[in-house]
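Here is a briefing on one protein model, arranged by topic. Have the sequence and the structure at hand while reading.

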Amino acid sequence: MKLIFHVGMGKTGSTTLQAALAQNKASLAAARIHYQGQWMGLIRPEFDLFAGFQSFLRQPPEGLKIAAQELLDHAAKVSDETGAQTILISNEQYLENIPALSEFFTLLARQADLQIIIFVRPPATWLPSAYTQWGVTHKTNLGPVMPFGLMARQLMKQYDHVQQWRQLLGARVTVRLYDENTDAVEEFGHLIGVDLVSASQRKQVRPPVSETLMRAAYNNSHHQMVLPQAFNNMMRKSVPPQTPATLTAKFNTVFNYSEIPTILEENAETLNYLESEFGMNLTGRPAPAPPPFDLSSLTDEMAGRMLDLLCSQARQIADLTARLDRLENTSVQK
């Protein structure tokens with residue numbers, strides 16, 4: 001039995017690839033490959049979906065060993081029922097959790113033909129979109145939104161994780177370069193020997209600059225980590241004093257990429273290892289230019305968005321006030 005884990009990196013077409021895998025189950029089945037999806041609900045129901053996967057990750061080493069055997073048992077059952085010879089799982093969350101999951105994957109490697117597939121982007125092109133995703137849209141740190149340079153240094157640890165995968169599992173780890181010329185679906189299909197039909201369109205679209213800045217401003221009002229849905233629900237709290245006050249300052253906090261060369265130099269050892277080990281160019285690509293800062297057009301767009309938000313919040317406050325008045329009147333009458 002063969003097990004294939006596609007483990008990222010994030011922001012390398014993973015969402016589009018997962019959609020394509022779900023749409024190509026017939027082609028995969030013809031190649032005797034069973035796409036299991038992203039989560040570990042196949043082991044136990046409590047490990048399903050995002051929240052369940054966090055429970056899976058928090059297991060002690062002995063629990064992870066049991067989970068590995070349960071996965072192998074599940075793979076054998078699927079093989080008996082469908083004739084599949086390969087179980088395929090795709091979830092970029094595995095990448096950064098390899099330190100905690102080393103025993104899990106070591107056990108799998110001992111008992112199955114294990115292949116790990118990782119797409120790697122040149123950091124200068126990856127850091128801006130990764131920062132927007134995990135530093136702004138989904139704030140993954142406590143406190144205010146981090147400036148780009150600070151968060152980018154933390155994100156560079158993703159490249160260390162690639163090295164850890166390679167050192168743990170050796171040739172079982174396949175790494176491919178993902179750049180502006182890469183079709184992740186086509187490249188992944190080539191790796192597994194299946195002609196995959198691409199999803200009709202990209203599953204994640206880059207948000208406009210004004211939305212990114214508004215999300216950053218909103219998430220600054222929360223000390224805890226913030227999921228994207230919180231901004232969508234327009235929940236407010238007071239803004240911490242260290243939050244950049246002007247639109248220009250907010251823009252420079254989010255879109256200042258000037259520290260990328262310094263960050264790359266700080267991580268030269270890891271990047272040199274990856275370039276030498278896998279024969280790819282990770283450091284020869286220039287960083288993208290920050291989006292243009294046109295104060296007039298940006299102010300116009302954000303003012304329109306904030307007017308809609310203001311009216312919506314005013315209506316909700318009026319409704320809540322009316323409800324409180326009714327409750328107080330009822331209490332007084334009693």
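A residue counts as buried when its relative accessible area is under 20%, as exposed when that area is over 50%, and as partly exposed in between. Gln93, with a relative accessible area of 18%, is therefore buried. The model is a predicted one.

**Overall make-up**

- The protein chain holds 16 helices and five strands.
- It has 334 residues, and 47% of them count as buried.
- Taken along the principal axes, the C-alpha atoms fill a box of roughly 70 × 60 × 40 Å.
- Take the contacts in the chain with a separation of 6 or more: 78% of them join residues 24 or more positions apart.

**Strand S1 and its partners**

- What lies on either side of S1 in the strand order?
- Strand S1 (residues 2-6) pairs with strand S4 (residues 113-120) in the parallel sense, over five bridges.
- Within that pairing, Ile117 in S4 is the bridge partner of His6.
- Leu3 stands opposite Leu114 in S4.
- S1 also pairs with strand S3 (residues 86-90), in the parallel sense and over five bridges.
- Here Lys2 has Thr86 in S3 as its bridge partner.
- S1 is largely enclosed by the rest of the structure, because four of its five residues are buried.

**Nonpolar cores**

- In soluble globular proteins, nonpolar side chains tend to be buried together.
- How many residues does the largest nonpolar core have? It has 76.
- The residues with the most contacts inside this core are Phe5, Met40, Phe56, Phe104 and Phe105.
- Not counting residues up to four places away in sequence, Met40 touches Phe5, Phe47, Phe53, Phe56, Leu71, Ile89, Tyr94 and Phe104.
- There is a second, separate core of 18 residues, which includes Tyr35, Leu88, Ala184 and Leu191.

**Helix H4 against helix H6**

- Two packed helices are described by the angle between their axes and the distance between the axes.
- For helix H4 (residues 61-82) and helix H6 (residues 98-111), the axes come within 9 Å and cross at roughly 35 degrees.
- The crossing of H4 past H6 is right-handed.
- H4 contributes Leu64, Lys65, Ala67, Ala68, Gln69, Leu71 and Leu72 to the contact.
- H6 contributes Ala100, Leu101, Glu103, Phe104, Leu107, Leu108 and Gln111.
- By type, the residues of this contact are 10 nonpolar, two polar and two charged.

**Helix H11**

- Helix H11 (residues 209-219) is mostly covered, with nine of its 11 residues buried.
- The buried residues are Ser210, Glu211, Thr212, Leu213, Met214, Arg215, Ala216, Tyr218 and Asn219.
- Their cover includes H7, helix H12 (228-232), helix H13 (247-255) and helix H16 (295-333).

- Gln93 is found in helix H5 (residues 93-96).
- Leaving aside neighbours within four places in sequence, Gln93 is in contact with Trp39, Phe50, Phe53, Gln54 and Leu57.
- Where does Pro147 lie? Pro147 is in the loop between helix H7 (123-137) and helix H8 (148-155).
- Pro147 counts as partly exposed because its relative accessibility is 41%.
- Pro147 and Ser258 are 111 residues apart along the chain, and their C-alpha atoms are separated by 12 Å.

Conventions:
Residues are numbered from 1 along each chain as its sequence is written. This is a predicted model: local features need pLDDT of at least 70, side-chain atom pairs count only at pLDDT 80 or more; totals for chains, interfaces and linings use all residues. Side-chain values use heavy atoms; hydrogens and water are left out. Helices (H or I, at least four residues) and strands (E, at least two) are DSSP runs, numbered from the N terminus. Buried means under 20% relative accessible area, exposed over 50%, partly exposed in between (1.4 Å probe, protein chains only). Contact means heavy atoms within 4.5 Å. A nonpolar core is a set of buried Ala, Val, Leu, Ile, Met, Phe, Trp, Tyr and Cys residues joined through side-chain atoms within 4.5 Å. Two strands pair if DSSP finds at least two bridges between them. Axes are lines fitted to C-alpha atoms, for helices over the stretch in contact, and angles run from 0 to 180 degrees between N-to-C directions. A crossing is left-handed if the near helix is turned anticlockwise from the far one by less than a right angle, and right-handed if clockwise. Ala, Val, Leu, Ile, Met, Phe, Trp, Tyr, Cys and Pro count as nonpolar, Asp, Glu, Lys and Arg as charged, and the others, Gly among them, as polar.
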